[in-house]
Amino acid sequence: MSQKLIGRVSALALAAALSASLGACATAPAAVDESMAQIQNVPKPVNRIADSHSYARPADARVVHVDLDLKADFDAHVLSGKATLDVTGRRGVDQVILDVRNLDIRSVTDAQGRALAWSVGADQAFMGQPLTVKLPTFAGHETQKIIIDYATRPDASALQWLNPQQTAGKQKPFLFSQGQAILTRTWIPTQDSPGIRQTYTARIEAPADLTVVMAAEMLTPGGEATTPGHKAWRFRMANPIPPYLIAIGVGDLAFAPLDERTGVWAEPSSLEASRHELEPTAQMVDAAEALYGPYLWGRYDLLMLPPSFPFGGMENPMLTFATPTIIAGDRSLVSLVAHELAHSWSGNLVTNANWDDFWLNEGFTSYFENRIMEAVYGRDAAVQEQVLAWGGLQDELKSLPPEDTRLHLDLTGRDPDEGMNTIAYDKGAAFVRTLEETAGRAKFDAWLRGYFERNAFVPMTSELFLKDVREHLVKGDAALEAALQLDNWVYQPGLPSNAKAPVSSAFVGVDEAAWAFFTQKGKAADIPWSSWNTQQRMRFLNWKPPIANADAPIASVTQLADLETVLRLNEEGNSEVRFAWLQLALSARYEPSVASAEAFLTSMGRRKFVLPLFQTLWNQGDWGQAHARRIYAKARPLYHPVTTGSVDAVVGQP
């Protein structure tokens with residue numbers, strides 16, 4: 001471990017300090033002592049990598065720290081207050097350009113309260129507006145403070161304000177944020193680019209009967225009394241992070257520790273189920289550290305969000321945001337925790353410099369997730385996950401235009417969400433797995449551990465990644481260079497010739513049962529369903545015969561009725577299995593599945609499930625479109641803007 005990574009206090013020493021400070025507290029993780037605040041002492045280099053999704057010019061002037069002082073108004077659905085930005089600039093520069101989107105800017109001043117000239121430029125679709133602030137001319141790389149007094153709007157795309165009926169407890173409201181990819185600018189005026197890393201502090205005032213959590217070190221467990229009926233909560237993130245990782249949650253929350261440095265926040269009514277399901281988290285952190293080095297963020301906690309959260313999880317540092325759809329009761333879906341934990345290295349530590357290289361976050365993380373699962377649950381479980389991902393990748397490769405099947409994309413003029421697909425995750429993971437298998441695991445692991453060390457807290461691009469691979473893994477070995485096909489993987493569409501499909505012996509019997517049932521008109525009673533795990537059940541429901549017409553359902557209505565009668569799939573509680581069943585049933589226009597689909601689609605807002613199900617309905621012509629319109633009119637008010645933005649493009653707004 002280099003001194004650059006360790007800084008003023010080692011990660012292990014910090015973990016020990018956190019353990020001591022937590023003690024037996026089961027209500028909230030204790031604040032870290034002031035001496036532990038500076039986790040890292042990392043230089044903040046000027047970013048010179050272009051980002052077409054930001055107005056910022058960080059080579060001239062860049063934000064290095066954000067301090068928030070905001071109040072949450074649950075009646076108006078508004079966060080309002082001040083953001084104080086620390087800005088460094090190049091000699092001769094007299095302005096800084098920030099990213100904002102639909103923020104109400106009231107004033108901009110310097111640290112002494114003197115008014116600064118500012119202007120908001122023209123709005124562009126999904127990009128928002130540039131906020132230009134005039135500054136005293138920089139004499140060098142000194143730091144200037146600007147204080148922006150502002151308010152968000154009720155429709156801020158990063159924020160979702162939930163009424164009590166939309167929560168698990170049904171008693172109190174809830175607020176959460178989701179900043180990826182470029183939505184942080186809808187609630188914080190800053191330079192909203194993943195390559196412009198910033199530390200942050202925050203003071204958040206909220207109703208006293210609610211708890212505030214953030215993706216940061218909590219300094220005030222229990223909050224501080226302010227005005228009658230309100231409390232303030234303070235936070236600090238000492239590591240420089242990309243702004244999309246600044247995150248907040250406010251609601252009726254309780255905390256349960258898993259071990260000395262991990263725990264879970266959830267609404268009281270779901271805390272025990274969440275704690276039980278997420279118990280393997282502590283073991284996963286240990287496994288991840290054994291693979292690729294110390295966890296450098298102090299605590300690793302999870303926030304179990306209400307069902308409308310649009311993603312499976314979000315890797316906000318120190319506090320992963322998670323969907324309740326992973327609560328299956330048998331811990332069969334905890335690979336999501338392994339994925340978000342892995343982001344603590346790939347994504348949070350080494351981050352894509354812009355959204356054209358999103359695969360650098362997700363491809364590495366998907367690979368790392370699988371290695372954690374292998375360490376905790378064994379090789380066979382990990383390979384089953386690989387096989388399922390490979391099948392999804394094949395479907396995605398067929399559905400996308402060739403240029404969008406490259407790892408390195410050109411998203412200029414496009415919403416960066418368009419690059420957040422299976423290619424980044426599963427083609428990226430297949431590439432990293434190819435590096436491992438071709439170079440050998442021992443050699444590869446040594447390189448990857450070093451990659452995280454060398455590039456910690458530094459923006460990464462495909463070009464820089466390939467340079468690192470060639471310098472530290474290939475090392476001039478011409479045969480290895482040729483075998484890896486590095487440029488083909490990154491810059492060419494589809495899969496190179498050295499891509500190998502993973503194979504799991506656990507699926508042999510599943511495929512035989514699927515062949516017998518779907519093609520030989522077998523009986524559901526003959527399927528060994530009870531002996532299969534979640535992955536095997538998903539394999540069965542997603543199965544297609546090798547020569548099948550991809551556009552035709554492989555099961556008849558009679559067969560689906562047999563499956564439902566025997567296996568009760570319309571009532572399935574495992575979200576992944578329920579989703580796979582509904583995709584199969586709706587594609588065959590199986591009417592008895594519609595009520596189950598409606599119940600599923602109105603009980604959660606996870607885009608991974610919601611969007612494909614509406615697409616499947618829509619593709620069924622008049623029958624499916626009528627159901628899609630009716631269900632979406634009911635479900636849309638429950639969804640986060642990330643989800644509605646995608647489904648609107650399919651179904652339209654009700």
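Which helix gives the most to the lining of the second largest pocket? The views below start there.

This is a predicted model, in which local features need pLDDT of at least 70, side-chain atom pairs count only at pLDDT 80 or more, and totals for chains, interfaces and linings use all residues. Residues are numbered from 1 along each chain as its sequence is written, and side-chain values use heavy atoms, with hydrogens and water left out.

**View 1. The second largest pocket and its lining.** Helix H3 gives the most to this lining, with 3 residues. (Helices are DSSP runs of H or I with at least four residues, strands are E runs of at least two, and both are numbered from the N terminus.) The second largest pocket has a volume of about 360 Å³. Of the 20 residues that line the second largest pocket, Pro307, Pro324, Thr325, Ile327 and Ser603 are the closest to its centre. Helix H3 (268-277) and helix H16 (575-587) are the elements that give two or more residues to the lining. Here a pocket is an open set of points on a 1 Å grid over the protein atoms alone, where a 1.4 Å probe fits, with protein on both sides within 12 Å along at least five of seven lines; lining residues have an atom within 4 Å of a point. Points are joined across faces, edges and corners, and the volume is the space filled by probe spheres set on them.

View 2. (The expected span is 1.5 Å times one less than the number of residues.) H4 is mostly covered, with 9 of its 12 residues buried, among them Met284, Val285, Leu291 and Tyr292. Buried means under 20% relative accessible area, exposed over 50%, and partly exposed in between (1.4 Å probe, protein chains only). Just after H4, Gly293 takes a positive phi of about 105°.

View 3. Helix H8 (residues 422-439) reaches 25 Å from its first C-alpha to its last, close to the 26 Å expected for its 18 residues. Of these 18 residues, 14 are buried. Gly440 follows H8, and its phi is positive, near 100°.

**View 4. A mixed sheet of 5 strands.** The open sheet runs in the order S16-S17-S18-S20-S19, and its pairing is mixed. Strand S16 (254-257) and strand S19 (313-314) are at the edges with a single partner strand each, so one side of each is left without a neighbour in the sheet. (Two strands pair if DSSP finds at least two bridges between them.) Inspect strand S17 (residues 262-266) beside strand S18 (residues 300-304): they pair in the parallel sense over 4 bridges. The bridge partner of Gly263 in S18 is Asp301.

View 5. The peptide bond from Gln180 to Ala181 is cis, with omega near 5°; Ala181 lies in the loop between strand S9 (174-177) and strand S10 (198-207). His77, in the loop between strand S1 (61-73) and strand S2 (78-89), has a positive phi near 60° although it is not a glycine. At 29% relative accessibility, His77 counts as partly exposed. Phe126 also has a positive phi, near 60°, and Phe126 is partly exposed, with a relative accessible area of 22%.
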